[in-house]
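Colleague: Could you take a close look at one part of this model with me? I'd like to go through the place where the chains meet.

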Amino acid sequence: MAAATSAAGWHKGGSVHPILLLVVQRVALGLLLLLAVSAVIFLGVEALPGDTAQAILGQSATPQALENLRAQMGLDQPPLTRYFSWLGGLMTGDMGLSLTNGQDIAQGIGQRLGNTLFLAFWAAVISVPLAILLGLVAARYQGRWPDKLISGVTLSTISLPEFVVGYLVLYFLAVKWQIFPSVAMVFPGMGIFERLNAVILPVIVLVLVVLAHMMRMTRAAILNVMQSAYIETAELKGLGPMQVIWRHAFPNAIAPVVNVVMLNLAYLVVGVVVVEVVFVYPGMGQYLVDHVAKRDLPVVQAAGLIFAAVYIGLNILADVISILANPRLRHPK
Amino acid sequence: MRMPFSALLGLIFTGAFFFAAIFAPLIAPYDMAEVVGGVWDPVSATHWFGTDAIGRDMLTRMIYGGQTTIFVASAATILSFVLGSILGFTAAVTGGWVDQILSRIVDLIMAIPSLILALVILSVTPVTLTVLILVMGLLDATRVFRLSRAVAVDITVMDYVEAARLRGEGWAWIIFREILPNALSPLVAELGLRFIFAVLFISTLSFLGLGIQPPLADWGGIVKENSAGLVYGIPAALIPAFAIAALAISVNLVADWVLSRTTSLKGGRG
């Protein structure tokens with residue numbers, strides 16, 4: 001849809017379609033924000049008390065050894081110089097070496113990022129349609145028992161932290177009833193079905209974590225649209241309640257619903273960190289947490305920036321989709 | 001005016017949790033670090049919640065753990081409220097470039113997920129109680145800032161604020177004597193939600209091994225210590241998990257009630 005709109009925009013007698021301008025503005029603003037975030041993650045953290053060279057060598061290090069290590073790691077350069085060389089490295093896919101084991105960070109991240117995206121992908125594929133469906137049902141039977149049941153269950157899952165949901169699911173589904181494997185082991189060369197079977201528990205947990213919010217806000221968005229005059233018209237002309245919701249309310253609620261979906265997918269970014277630790281899943285979250293404990297700053301900064309970039313990217317996507325979903329912006333007078 | 005049953009229930013449970021936290025040394029049957037039984041002994045008359053991974057009394061650890069969790073979460077919440085509301089009110093009252101700078105900084109910090117930013121910071125700083133409270137308080141202050149600024153912007157255009165300005169009152173008077181009393185009720189309702197967030201946050205950090213460090217214990221840490229038992233069918237790790245959920249839900253019930261009372265002009269649905 002984006003491609004079609006922009007193509008149409010360019011052919012309108014040379015003038016730029018306003019929607020294209022809005023989208024470009026939003027994306028540019030997002031990239032600027034990402035740049036600022038990278039500065040916070042690099043320079044802000046540098047400004048905190050703490051000394052990387054000291055952290056590696058320990059308290060008993062001689063001043064000479066500290067000096068040598070700093071020179072070797074480039075820590076004697078001014079922070080701004082190091083920030084730009086770090087940023088330049090990131091652009092070209094060079095994230096430097098890990099402090100603790102000297103391995104290439106980009107390589108370590110590459111494989112884990114794939115694992116994490118695999119997990120997040122299936123969580124999204126299951127939770128998004130399910131949340132929208134449940135939201136529609138709850139809106140259709142507003143105030144009656146299906147609505148109360150769905151709302152009640154989702155309200156209680158909102159109050160639970162991710163790792164509690166994780167252990168509850170682990171204890172009951174894997175240990176007590178032994179339906180699924182308890183440890184999410186994946187390794188290269190695994191078949192797709194083996195892989196799916198391995199990640200099923202973490203996927204269930206992630207789905208539960210984001211489902212509640214997504215469903216509640218879908219319900220709210222649809223109920224909001226249901227107050228419009230055209231819904232009354234549709235009811236008066238004799239359409240069934242589900243028809244009214246599906247044909248008239250839902251298309252008009254798409255922008256807020258998409259927004260909610262994207263924000264919750266962004267929330268998956270945080271959930272995935274905890275859930276990976278619960279299930280010992282070899283992904284980005286586990287990688288980040290391990291290296292925070294080891295005080296391996298280059299790894300933490302690179303991984304942290306990737307998480308922040310995904311989060312910001314999904315937020316931009318949410319805004320762009322709601323711009324595109326607005327017919328007034330799509331067909332200007 | 002009657003209090004709804006759910007709010008009463010929430011209030012009783014919240015009170016019980018705080019009571020146990022404050023009087024922990026008086027209530028706890030054993031010493032926190034004392035090994036009093038075997039590894040993961042089941043529930044018995046002497047050990048109401050059984051024993052933990054190295055044979056310490058689970059009930060005792062739960063009580064002391066609750067003390068740490070509630071203390072850290074309360075301290076972080078207070079810090080975030082004091083800092084966030086004062087800065088938010090200042091931004092709303094002064095406007096102009098002060099407002100611009102503060103708001104843009106807050107936008108920037110809120111663009112990074114809290115947990116990720118906290119992890120990045122904690123990889124450099126030493127992980128002590130003070131640092132944890134500071135990090136949690138500062139990160140959460142951004143949310144309080146947004147709310148208090150939004151509330152205060154509506155109040156600053158009121159006639160009585162203009163009257164105070166014309167009288168020649170300073171910004172401190174306007175913030176504390178004119179805006180604060182009128183902005184109090186939405187802030188109090190938000191207090192509960194931020195407290196829950198702080199409890200979940202510190203529990204998550206401790207669960208990841210990056211929060212409260214031994215020998216101190218908190219609920220998230222107790223989940224972590226006992227999580228290995230779950231695979232063998234020993235549910236000890238679920239006890240602190242339930243405690244976290246119970247505290248979160250009961251504070252939520254109270255906060256909901258406060259929110260419904262303060263948003264309704266007639267004083268609530270009763």
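What is the area buried between chain B and chain A, and what share of it do carbon and sulfur atoms give?

Modeller: Happy to! First, this is a predicted model, in which local features need pLDDT of at least 70 and side-chain atom pairs count only at pLDDT 80 or more, while totals for chains, interfaces and linings use all residues. Residues are numbered from 1 along each chain as its sequence is written, chains are lettered from A and ligands numbered from 1 in the order in which they are written, and side-chain values use heavy atoms, with hydrogens and water left out.

Now to your question: about 3400 Å² is buried between chain B and chain A, and carbon and sulfur atoms give 83% of that. Buried area here is the accessible area (1.4 Å probe) that two parts lose on being put together, summed over both. Chain B brings 40 residues to the contact and chain A brings 38, where contact means heavy atoms within 4.5 Å.

Polar links across the interface can be listed quickly. The rule finds zero salt bridges between chain B and chain A; a salt bridge is a side-chain nitrogen of Lys or Arg within 4 Å of a carboxyl oxygen of Asp or Glu. One residue pair, both at pLDDT 80 or more, is in polar contact across the interface (a pair of N or O atoms within 3.5 Å; within protein, one must be able to donate a hydrogen and the other to accept it, and residues adjacent in sequence count only if both atoms are side-chain atoms).

On the side of chain B that touches chain A, α4 (96-110), α5 (114-122), α8 (171-207), α9 (219-226) and α10 (238-263) each supply at least two residues. Of these, α10(B) gives the most, with eight residues. Helices are DSSP runs (H or I, at least four residues), numbered from the N terminus. By class, this side has 32 nonpolar, eight polar and no charged residues; Ala, Val, Leu, Ile, Met, Phe, Trp, Tyr, Cys and Pro count as nonpolar, Asp, Glu, Lys and Arg as charged, and the others, Gly among them, as polar.
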